[in-house]
Structures are given as structure tokens and as C-alpha cells.
Amino acid sequence: MANTTIYEEDVLIKEQGFNDHFHDHHHGDKYQTNFIFHYVFSMDHKIIARQFLITGMIWAIIGAAMSVVFRMQLGFPEESLAWIKPFLGKWIEIDPTTGMGKLVPEFYYALVTMHGTIIVFFVLTAGLSGTFSNLLIPLQLGARDMASPFLNMLSYWFFFLAGIIMFYSLFLSTGPFSGGWVAYPPLSALPQASSGSGTGMTLWIMSLTFFVVSVLLGGINYITTVLNLRTKGMTLWRMPLTIWAFFVTAILGLLSFPVLASGFFMLIFDRSLGTSFFLSEIFIEGQALDRVGGSPILFQHLFWFLGHPEVYIIILPAMGLVSEVMSVHARKPIFGYRAMVYSIMAIGFLSFIVWAHHMFMSGVNPFLSNFFVVFTLIIAVPSAVKVFNWITTLYGGNLRLNTPMLFAIGFVSMFISGGLTGIFLGNSAIDIQLHDTYFVVAHFHIVMGVAAMFGMFAGIYHWYPKMYGRFMNETLGKIHFWGTIISAYAIFWPMHYIGMAGVPRRYFSFESFDAFKHFADLNKFITIFAIISFALQLVFVINFFYSIWYGKKMKTKNPWGANSLEWTTPIEPIHGNWPGNLPVVHRWPYDYSKDEREFIPQHIPLKEGEIGDH
Amino acid sequence: MTYLIAFAIIFLLAVIVIQIGKVTELASKIRGEEEVELHNNNTQGKWAVIFMVVFLVGCIYSAYYYKNTMLGYGPLTSASEHGFELDSIFNVTLIFTGIVFVLTHILLFWYTYKYRKQRGTKAIFYAHDTKLEMIWTAIPAIVMTFLVARGLVAWNNIFPTLTDQDKFVEIEATGYQFAWDIRYAGADGKLGNKDFRLIDLAKNSLGMDWTDEHSVDDIVLGGTDKIVLPVDTTVRVRITAKDVLHNFYLPHFRVKMDAVPGLPTSFIFKPVKTTKEFRQQLSEYPEWQVPADPNDPTGPKRWETFEYELACAELCGKGHYSMRRIVEIVTRDEYNVWLASQKSFYMTNIRNTADDPYKGKKLFSFEIKAREQELKTEFAKVLSDSAITNTILLKHVFFETGSDKLSDLSKHELDNVVKIMNERASMKVELGGHTDNVGDAAMNQELSQKRASSVLNYLISNGVASAKLSARGYGQNNPVESNDTPEGRDKNRRTELKIISK
């Protein structure tokens, strides 16, 4: 059946497709004259997607390696870390009498800060949304490329520049920024307060400012492309859930990142020009500063006005990818397509009015918290709807349990586990006890760290053939999946218990507190699994790069039997995506197992009396 | 060399990984792709169920195993009144989320197994079901409403507005890199003003404003002293920071609030268990009956060394993890005894020094009262039969420089003298004026005579019979200290009262 379908598809596009005269002008190819413009300064969305992905992977390895180092300090404080000295130099302090090597506290905090910044922004924002929005928006919508390929290229290169600056800051003699990824002033504003708040912070803030530029250039492109470049017949209600997710994500980014940028500018002014937006009544290093009238809490408002939408900027694309992957491999329509879309929109809207739930204990008026508790817990409703819909998508399906599908199922498990703990934290009364403890660390790592990574892995394994014309290895994929889900739970589940015992996060050592020091066993356990988990990600990296050249070749255009348009493009990618006409869309993307047919791609015309939408 | 070996090992591992991967492709070549897929679905489906069972059992068992170390369970129940309500909301949320967690996981992994693709199986076309979707939108909405309602009622009770009519103990915690300064409001129950510009690390590390009279009786704890608080009493902690953000965190009391420079915050709580009571509660659990120090098996048990702790819970720099203070909850009586033994910071360190704005300008009512008491005792001493001296130093009698005009403050001392003089009809005294050696001796002689007379006149005009009094100037002839230092000269300028007859 597969062969006839493909034949049918080609003919359909050729005969009934939409001719936009793209190939009459050849304007697309003029950018691809040589290696530099083909692979480096490319304006082709598929190349840019791969650039985002591989850059994101490099950052993911750096960010994860950092977590392994600080986990060693936490899990094995009595063991010598002298053997890392050749890599970290002066940041490992050797006790001259015992020969014990210990991480320097300043660098511990720098590692924690960089780990957060890198993973949140470079990996889960750029690496996830940047990769798949670029790859899938034009392909799934039937567009030749992004609305502005040039801005799209700039978006990547601003991200690259941001990365270079951040990377450079790792090697400063005063260390990279070490005041936490949230960069609360006055700690982040005053070089006297911490060695990382000097040049390290200057570079951090520069880097992230360029990163904001990157997100905005990318976001405006995604939105424009979704709104203007859909092929004929691709109404909004016929877009795959991936596109809905990327679309809402881009809107969130466009509305929230500028607020962060304004906060950054004020912080730069406070640092360099002597203003007092965030500073007031400070006495530090034996000196009373001449700064009054500012409010450190203002920065927290600005930061979390981005920061909370940011967690949805991370998780929505993962949700979109999972919905698509799950539906394809369950051979079943995603359950409640419209409910899924409305949930994405509801989550997107609510994400803008919950930011102060990060600040219940920050000294804002307790009365204010009432509103934020209500809105925060309302988010649980659309989130729950999504979970039930995913589970029901599995119900009655014909599941192919390959690696992308396993990661999609793993995503749902992680999203449930991490989402439920959000109900504790969103309730301000319980948050008094849990705020800034390991419970929070467990919550957000599971719900937006591991879950988003799982969504990303599902996407990579699923669309790998589209990106590289080959498959990733299944056995290694399964080792990667089971190893990762087990070690991820082994790392983060015990953190709930440590948090429920009241142990605060961002502690270099627990030894001086009777209440916190009795969890050495759990900390060891967590560290061991962190190392295992890191090693398993290397299996993925090997699989990824090995398969680019030696993976099993993709022999048919549509190996998964999927409905969306990206699988109608040639195996060998071309600029402009479709060789001749653009496909015309007649139906929604989830006609799986309908009318005795396993799948009906979107460009297949409706039979008489058939409905194209749901 | 080590690196070479390390790289060789990594390379070898990579090769092994790739070889493992190749097995799949070989298998699919031998057995056919579809066969491999079906086999794979079976294996993975089974794995999914095994994982689900192990995971859920592991979660529940480990939670049970660690419950005694968690706040709110086992011995670590709340030590504050509001904490019980928080723990209860936590548990209600835990029940709801626990049910959802277990059910959704069972469905997720069971469906994964049940609906795996097998030979001849097909999927159903089941795209939506409005009724079902309404139900599972409504249920979470109702549960959330319930949790929000409970949470918010508790939340708003935890942050009441205290008025002056409420009885509470007020303390202030000031965080700085990397420790806490603790200040008690003292007898007046009010903390004095602070200003960061007045901070002087040697003399006034909090920047207390001495011109605010509420500061005068404020108590500042020493750097490592325990924070002592009474049980069953409302405590309001005013939380401030000197340099960067900190967070006042008392885990056992479920108290947590950021310390923000320039913006004082507060937290109100009521301790319900003294440290001793809490230790007693811990002593019933075997894990608390072990020696506190594993290297000292005969030493005190863990429960005996338990202390409530104050920690910082907002990243504040490299020493964030070390901002520990001990909190001790005692009975009200013990607290009162402890409080009485504490000295006001101002009175011990600032009073009558160059930094004291009231030096020579004002006496506080408690000082006047105390001096009255003291003067009575001094009179009693010189009037007793075993007296070794017959002279009392009128230490609060001052004159304007170079003049015989009494300062305003002197009348408190002299009024006391009037009272005592009038109680003893037969007593006669001589008022002696003394100066230091600055200036001309004859002039000093004259000045001391005038000053003594000035005191005499004040006493007469306030009702002491003139016959009981005489005045004499001694000039600079009877110094009590060396005249070479300003402090010494200060002591030598004085007015004395000598008993002539009892």
C-alpha cells in the first residue's frame, strides 16, 4: 500500500498542487553558491534548524557536564576532586595537608548559574524551539521557506554570538556569573557582592541580550510564516499541533522577551551608569552606597514576566512534538484536537498572569499573592486536559513502540509527575514551606527540564530521517530511553524528599546544619545517577553523529506513514522544499485509521460526504 | 599518559556502543523489518509494564521509608501554630495528586502495553468525545477550586495585620554577607529606626538611629548567641538586609521570607513547642537515639543536641550555605529572666560616648529612677555607723562651661537631694565645688565657690532650710584623677556633698 500512496501523492501534487511560480525565478538558489553560504551562512530553514540543533547539543553537553561536577561536590563532599584540577585549575582548591581537592564555593555557584542559564536558554529555548520551529513550520505548512530567510539566518547567528560570549565568560579569572540564573540584584548588580558579578555578569548580560535579539528575530519569522505562508487549503484548524505549539510559543516569546530586555537594560544602567532602579539602602564592604529609592523586587517582576512564559516557551514545543509523534505512532488521531489547541492557547494566555508565584516569599504584599495563586492553579486545568487527551490517544491505538514513541510516552509520564508537584508550589501557603528547597528543584527539572528534553528526543528520533535522510539506531535509542527515564527519576524523585525535609537549594555544603546534613546517602545516590544519565546522553550523541553518515537509509518518502506535509517532500532535501507545485491541503492532519485506511495524508482530496476538519 | 588512556577508553566505549547498535540492523536484515517491529513492540510493551510497577512501588515505598525525615511527618511536626495548617493542606494536596499520579501512570503504561501493535491489530478512529472531555475538564477545576480556597484562607491568616493592641514580641533579623544580626525591641516593645548611612562596623553595625528614643532600649545579640523566643507567644520578625537579598528561613516553624535591602518585610508566627519539648518528641524515635557524633559513641544522643535552626534561603553569594543561627524556644518565665539579663546595646556601648546624641542633654526616665535609687543607697551608706567616707559625688550635677549656671539635667539629681534632705531634719551638709587645673588657679577657686553656691541656692529655693547647708569652693586643689587626660579632668570637675552632721 505504501508504494501506491507515494505514487499517488506525487501525481496529486503535480496535477492538483498549487503553482506559486517559485521555481521560475530561481531566486532561492542564488544564496547557495558555495560551501560557506550553503552550510554556514545559510538562509535555508532546514540548514538553520540543524545549526540550532547541533549548537544546542553542544551546549547541552557543556551544561550537563557542569551539573555532573557540582553534583560530585554535593554527593561526595568527602572525596577528593583533585583529579579534575587539570581541567578546572584554580577552581579546585587542594588542602595542602590532606591533599583533598574541593570545588571552590564561588565556582560551585558559577556552575549552578551557568548550568541553569545554558540549559534554559541555549538548550531548551534555542535548541528545542529554534530547531523544530525552523524545520517544521515551513515543511508542515507547505511553505517554500520562512517569511524572511535573512532574519532567520540572523536569528541563528545572534544565538551563536550569544553563545560565544557566554563561552568566553567561562574562562575569566574572576569566574563566570555566579548569582543564580535568575540574576537577582543587588547580588548581580554589585561587583563587590560576588566575584562573578564583575566581568562575568557583564558578559552574561551581554550574551543574553543578544539571545533576546535572536529569539525576537526567530519569533517574528515564525509568526509571520504561520499567518501568511500556509499553502492553499491549510486553514488554521488544519495545522498540526506542532505548528499550533510553535505559533503560540513564538507569540509568548515576542511578548515576554522584550520585558526581560528592559530589565536587563535597567540592570546594565545600575551596574555601569550609577542609576538605582534596583538598588536601595545598601551597605557593602564597609561602605554605604549612594543608592536609594530603587527596588530589587522590581527586577524580579520584570524577570518573571519573561521567566514564567519562558517555561511554557520551553514546554509548549515539546507538547506539540509529542502530540504529533504520539498520533503518528499510535496510528490514531490525537484525541480532542480542538481541546488541545484551546489548551495551548489557554496555557499561553495564563502564563502571562502567573509570574508572581515565583515571588510569594520575596516580600511582595501578601494580598497580591491571592490573584497569582488562583491563576496559577487554573493552569492545572488545561494541563490536565492535555494529559488525559494524550492517554486517550493511546487508548485503542495500534502502537509502534519505537524510540520516538517511547520518548513521547516518557514525556507524558514526566509531565504528570512534575506537573502535579506544581499544584503544591502554586499554592502560596504550601510554598512557604517549599519555596527555594529541593522540592522546587525536583519540580521544575522534571516538568520542564526532563519532560522538555524527552519531547525534544521524541522529535529528534522522529524527524531525524527528514533532517539527514537516515534513521537513528533503534537499539541505542531504546538504551538511551530506558536508561534516561530510570536515571532521571532516580535523580529527581529523591529530591522531593530532601525538599520536604526543608533542605534549601543552592547550598554548597549541608554540613553546618543539623537539619540538612542527614541526607548524604540520598545525595550520593542522586550523583551516581547523574553520572549514569550523563553517560547515556553520550550514547545519544554517538548515535546521532554516527547515523548522519552510517545510519540506515531512508528508502521511502514517508517511512512513518504520517499525514503531515513534510513527508511529501523529496528524500534529498531541496531549496524550496517541493520540486514543482506546492501541495494543496484538503483535510486535517490526523486522519489515521479512518475508513479502513491506515493513514490519509493532508493533501488527499476528500471523498464525497467526508469532512476535512475536526 | 592518563589522558591518552582516558581517550582510548572513551573511544573503545564508542566503538562498543556503535557495535551494539549494529545488531539491530543485522537482526532486521535477517528476520525482516516487520517481524523485528512486532517483536520489539512486545518487548517494549512488557518493559513499560515492568517499569510502571517498579516505579510506582518504588515511589510509594521510598516515600514511606523517608517519611520520618520529612517535615510534617514522624517527629518533625510543626513547631509553630500556622505550620499545622500548612502541613494539612500539603497532605490534602498529596492525596489528590497521589491518586491522579498513580491512576494516570497505570493507564499510560498499561495502554502502552495493551495497545501495542501486534500481528493483525488495528487502531480505532476515535477523535474526540465532548462529554468525556467536559468531565475531565470539570473534575480538575473542582479540585483546584477546593485547594485554592483552603490555601488562600490559610495564607491570609498567616499574614495578619497586627495593631498596637495585639500582644506580641518583636524582633528584627538583618541579613548580610554572611550572617544574621538579631535585635530585640526591648522594654518599650518597639524597634528604633535604622539608617544604612549610620552603619559603622565597629560601633553600630546595624545603623541604629540613636536620636529615635525607641532605639535606646533595643538589644542586639552577640554574633553567635542563640535567638531566644518565648513559647505560645506571637512573634513578629522584622526582616531586613544590609547588602544583597537574603531569606529568613526557619524550617521547623514553616517560616520563610526574603530580606530585601531598602524594603523591610515581616513574618508573624507563634512557636508552640519549646526546644526541650521538641527534643522530648524526637527522643521517641530510634533514629534520634543514636549518638549525635558518630565518633563519640558515649556522647549525647542526637535528640539531646537538637536545635531549631535559622538558615538563609535566597542565594546571596559564596557563603550562602553558612548563615546559620540557633533559635531556642523557652517558656515565658525563662524568656523573661533571659530578657532581663540582656543589656541594651545603646546603654552598654553608646551612652555618654562621643556618638551619644543625648550625652549631657538628656536623662532617660529609667536613668533618673535608677539614679534616685542609687543616691538613696549612697546616702544610706554614708549615714550608717560603719561609714568609711562621708562624701557623696553628685555625679549628675553639671554647669555650663566656665559658668556657675546649672545645666537643666542637674535638677533631677538635686531634686532627689532635696527629698532626702527634707526627710532628715537634723542633717547638715557641705556642698563642695571642684575644678580641673585648666586656667588660672585663683579663677578656678572663685568658679568652684560660685558653683557650690549655685547648688546651694537651688536647694534652698526648692525648700531645704538654709541652716542645713553650706557651700565651699575647693578650686583645683583636690583632684581625684590625673589632670593630664581629658577623662581625668572630666572627673575632677565635680560637685560633692559632705555630711557635716547626721
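**Close-up views of a predicted two-chain model**

**Figure 1. Helix α15 of chain A and its bend.** Helix α15 (residues 438-468) of chain A bends by about 45° at His462(A), and within four residues a proline, Pro465(A), follows. The model shown here and in the other views is predicted. Of the 31 residues of α15(A), 29 are buried, and the helix is thus mostly covered. Just after α15(A) comes Gly469(A), whose phi is positive, at about 70°.

**Figure 2. Domains 1 and 3 of chain A.** The domain assignment of chain A lists domain 1 (1-41 + 554-614), domain 2 (46-281) and domain 3 (328-550). Domain 1 of chain A is therefore written as two segments of the chain, 1-41 and 554-614. Taken over C-alpha atoms, the centres of domain 1 and domain 3 of chain A are separated by 34 Å. In the contact between these two domains, 14 residues come from domain 1 of chain A and twelve residues from domain 3 of chain A. On the side of domain 1 of chain A that touches domain 3 of chain A, eight residues are nonpolar, two are polar and four are charged.

**Figure 3. The contact between chain A and chain B.** Here 101 residues of chain A are in contact with 93 residues of chain B. Helix α12 (residues 366-394) of chain A supplies 15 residues, the largest share of the side of chain A that touches chain B. Sorted by class, this side of chain A holds 61 nonpolar, 29 polar and eleven charged residues.

**Figure 4. The overall form of chain B.** The C-alpha atoms of chain B fill a box of roughly 130 × 65 × 50 Å along the principal axes. The radius of gyration of chain B is 39 Å, whereas a compact globule of 502 residues would have one near 23 Å. The secondary structure of chain B consists of eleven helices and 14 strands. Of the 502 residues in chain B, 34% are buried. Among contacts in chain B with a separation of 6 or more, 66% join residues 24 or more positions apart.

**Figure 5. The domains of chain B.** The domain assignment of chain B gives domain 1 (23-118 + 130-158), domain 2 (169-350) and domain 3 (365-501). The C-alpha centres of domain 1 and domain 3 of chain B lie 85 Å apart.

**Figure 6. A five-stranded open sheet in chain B.** The five strands of this open sheet of chain B follow the order β3-β2-β1-β5-β8, with mixed pairing. Strands β3 (219-220) and β8 (265-269) of chain B stand at the edges; each has a single partner strand, so one side of each is left without a neighbour in the sheet. Strands of a sheet pair through backbone hydrogen bonds, in either a parallel or an antiparallel sense.

**Figure 7. Strand β5 of chain B and its two partners.** Strand β5 (residues 235-241) of chain B runs parallel to strand β1 (residues 169-176) of chain B, and seven bridges join them. Opposite Val235(B) in β5(B) stands Val169(B), and opposite Val237(B) in β5(B) stands Ile171(B). With β8(B), by contrast, β5(B) pairs in the antiparallel sense over five bridges. Val235(B) has Phe269(B) as its bridge partner in β8(B). Five of the seven residues of β5(B) are buried, so this strand is largely enclosed by the rest of the structure.

Note on methods: Residues numbered from 1 in each chain as written. Chains lettered and ligands numbered in written order. Predicted model: local features only at pLDDT ≥ 70, side-chain atom pairs only at ≥ 80, totals over all residues. Pairing = 2+ DSSP bridges. Helix = DSSP H or I, 4+ residues; strand = E, 2+ residues; numbered from the N terminus. Rg over C-alpha atoms; globule rule 2.2 N^0.38 Å. Buried ≥ 20, exposed ≤ 12 C-beta atoms within 10 Å, placed from the backbone. Contact = placed C-beta atoms within 7 Å. Nonpolar A, V, L, I, M, F, W, Y, C, P; charged D, E, K, R; others polar. Bend = angle between axes of the 7 residues up to and from the residue.
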